[in-house]
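Please look over the sequence and the coordinates together before reading on. The paragraphs below move from the sheet to the helices and end with single residues.

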Amino acid sequence: IQADGTDGNCVTFVLHDEDHTLGNSLRYMVMKNPDVEFCGYCITHPSESKINFRIQTRGGLPAVEPFRKGLNDLMGVCQHVLNTFERSVKEFRAQK
């Protein structure tokens, strides 16, 4: 959903089958981008499993770019956590 009168720098993405787990993590990753002026999300209703994720950028940067970068960065962090966990489990089992 794009705000009226903008060039794609103010967009609300609707994410289905998601909740605070993705919303808050993704918001944190997107807000690390200095070109992002605002980023927030809301759960539309407790009985619905979707979130509205809004991004507003500075300087004509399309909002979809920090959205994609945030998703990719979050996937990288999750992969790092998974690799670290699996390595620790392997080391623990080797000690026994």
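Predicted model: local features only at pLDDT ≥ 70, side-chain atom pairs only at ≥ 80, totals over all residues.

Residues are numbered from 1 along each chain as its sequence is written, and side-chain values use heavy atoms, with hydrogens and water left out. Helices (H or I, at least four residues) and strands (E, at least two) are DSSP runs numbered from the N terminus.

The sheet is open and has three strands in the order E1-E3-E2, with antiparallel pairing, where two strands pair if DSSP finds at least two bridges between them. Because E1 and E2 stand at the edges with a single partner strand each, one side of each has no neighbour in the sheet. From one strand to the next, the twist averages 15°. Seven bridges link E1 and E3 in the antiparallel sense, with Leu 15 having Ile 51 of E3 as its bridge partner. E2 and E3 also run antiparallel and are joined by seven bridges, and here Val 36 has Thr 57 of E3 as its bridge partner. Helix H1 packs on the sheet, touching E1, E2 and E3, and its direction makes about 175° with that of E2; axes are lines fitted to C-alpha atoms, for helices over the stretch in contact, and angles run from 0 to 180 degrees between N-to-C directions.

Helix H2 lies across E1, E2 and E3, running at about 120° to E3. H2 covers residues 64–95, and its 32 residues reach 47 Å from the first C-alpha to the last, close to the expected 46 Å, a span taken as 1.5 Å times one less than the number of residues. The buried residues of H2 are Pro 66, Phe 67, Gly 70 and Leu 74, and what covers them includes E1 (10–16), H1 (20–31), E2 (36–43) and E3 (50–57).

Leaving aside neighbours within four places in sequence, Leu 26 is in contact (heavy atoms within 4.5 Å) with Leu 15, Phe 53, Phe 67, Gly 70, Leu 71 and Leu 74.

Two single residues close the account. Val 36, placed in strand E2, is buried with a relative accessible area of 4%; beyond its neighbours within four places in sequence, its contacts include Val 30, Ile 55 and Pro 66. The C-alpha atoms of Val 36 and Arg 58 are separated by 6.1 Å, although these residues stand 22 residues apart along the chain. Asp 17, by contrast, is found in the loop between E1 and H1 and is exposed, with a relative accessible area of 64%. The phi of Asp 17 is near 60°, a positive value in a residue other than glycine.

Conventions
Buried < 20%, exposed > 50% of the residue type's maximum accessible area, 1.4 Å probe, protein only.
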